[in-house]
Amino acid sequence: MAQTLSIIKPDGVKKRIIGKIITRFEDAGLEVVQIKRLRLDVAQAQDFYAVHKERPFFKDLVAFMTSGEVVVMVLEGEDAVEKNRELMGATDPKVAKPGTIRADFAQNIDANVVHGSDSAQNAQREIAFFFA
Ligand code: CMP
């Protein structure tokens with residue numbers, strides 16, 4: 001069984017669609033095996049997204065991710081990393097396939113409702129970040 005980290009971002013929490021998003025994971029065969037709601041501080045958000053620190057959007061990303069509470073969870077199931085990425089859709093909701101979480105609920109590339117690990121290796125690091 002594989003595991004991946006999912007974050008429902010501040011826009012998803014504010015829109016009260018936590019349940020709708022989790023239903024999509026569960027309907028696709030992914031099980032929520034750990035979950036918590038929290039607010040990231042700036043240092044934590046910078047650390048979590050350190051891989052993007054040279055990118056022009058880094059400052060806005062950190063500001064957005066610290067703008068409200070998030071829900072972080074570990075999803076478990078067969079091909080969990082890939083399955084979660086399919087369910088989320090492309091990073092930019094404008095190009096995400098219809099029926100994906102981002103196409104259905106996200107406003108723009110910054111407020112894109114969910115984050116998911118992009119590889120098994122990053123999933124391990126990201127899960128350890130929140131669930132030591
Ligand atoms: P996420 O999967 O959380 O990983 C990094 C985030 O940076 C991404 O989702 C987007 O919300 C945000 N972002 C903003 N601009 C870009 C961009 N040009 N390319 C990738 N990610 C971006």
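1. A residue is called buried here when its relative accessible area is under 20%, and exposed when that value is over 50%. The model under discussion is predicted. By that cut-off, the buried residues of helix H4 are Phe-58, Leu-61, Val-62, Phe-64 and Met-65. Viewed down the axis of H4, they fall within an arc of 165°, so they line one face of the helix. Their cover includes E1, H1, H3 and E3.

2. The other side of H4 should be read together with this. Lys-59 and Asp-60 are exposed residues on the face turned away from the buried side of H4. For Lys-59 the relative accessibility is 69%, which is why this residue counts as exposed. Between the C-alpha atoms of Lys-59 and Glu-26 there are 33 Å, and the two residues are 33 places apart along the chain.

3. Thr-66 sits in the loop between H4 and E3. Is Thr-66 buried or exposed? Its relative accessibility is 13%, so Thr-66 counts as buried. A polar atom of the Thr-66 side chain is 3.2 Å from the backbone oxygen of Ala-63. Leaving out residues up to four places away in sequence, Thr-66 touches Arg-39, Leu-40, Asp-41, Val-42 and Ala-45.

4. The nonpolar interior comes next. In soluble globular proteins, nonpolar side chains tend to be buried together. The largest nonpolar core here has 19 residues, of which Leu-5, Ile-7, Met-65, Val-72 and Phe-130 touch the most other members. Two or more residues of this core come from each of E1, H3 (42-48), H4 (58-65), E3 and H7. H4 gives the largest share, 5 residues. A second, separate core has 18 residues, among them Val-71, Met-73, Ala-106 and Val-114.

5. Phe-130 can be followed in more detail. Residues up to four places away in sequence aside, Phe-130 touches Leu-5, Ile-7, Lys-36, Leu-38, Leu-40, Phe-48 and Val-72. Leu-5, Ile-7 and Val-72 are listed with Phe-130 among the core members that touch the most others.

6. Gly-89 follows H5 and has a positive phi, near 85°.

7. Most residues other than glycine have a negative phi. Asp-79 has a positive phi of about 50° although it is not a glycine. With a relative accessible area of 47%, Asp-79 is partly exposed. Arg-16, in the loop between helix H1 (10-14) and helix H2 (18-27), also has a positive phi, near 55°. Arg-16 is exposed, at 76% relative accessible area.

8. Lys-14 belongs to helix H1. Its relative accessible area is 57%, so Lys-14 is exposed. Apart from residues up to four places away in sequence, Lys-14 touches Ser-67 and Gly-68. A polar atom of its side chain lies 3.4 Å from the backbone oxygen of Ser-67.

9. The last point is the ligand. Which residues are around the ligand? They are Lys-9, Tyr-49, His-52, Arg-55, Phe-57, Leu-61, Thr-91, Arg-102, Ile-109, Asp-110, Asn-112 and His-115. A polar side-chain atom of Tyr-49 is 2.6 Å from a ligand oxygen, and a polar side-chain atom of Arg-102 is 3.4 Å from a ligand oxygen. With Ile-109, a polar backbone atom lies 2.6 Å from an oxygen atom of the ligand. On its own the ligand has 460 Å² of accessible area, and the protein covers 79% of this.

Note on methods. Residues are numbered from 1 along each chain as its sequence is written. This is a predicted model: local features need pLDDT of at least 70, side-chain atom pairs count only at pLDDT 80 or more; totals for chains, interfaces and linings use all residues. Side-chain values use heavy atoms; hydrogens and water are left out. Helices (H or I, at least four residues) and strands (E, at least two) are DSSP runs, numbered from the N terminus. Buried means under 20% relative accessible area, exposed over 50%, partly exposed in between (1.4 Å probe, protein chains only). A nonpolar core is a set of buried Ala, Val, Leu, Ile, Met, Phe, Trp, Tyr and Cys residues joined through side-chain atoms within 4.5 Å. Contact means heavy atoms within 4.5 Å. A residue is near a molecule or strand if one of its heavy atoms lies within 4 Å of it. A polar contact is a pair of N or O atoms within 3.5 Å; within protein, one must be able to donate a hydrogen and the other to accept it, and residues adjacent in sequence count only if both atoms are side-chain atoms. Accessible areas come from the Shrake-Rupley method with a 1.4 Å probe; for residues, only the protein chains shown count as cover. The arc is that of the directions from the helix axis to the C-beta atoms.
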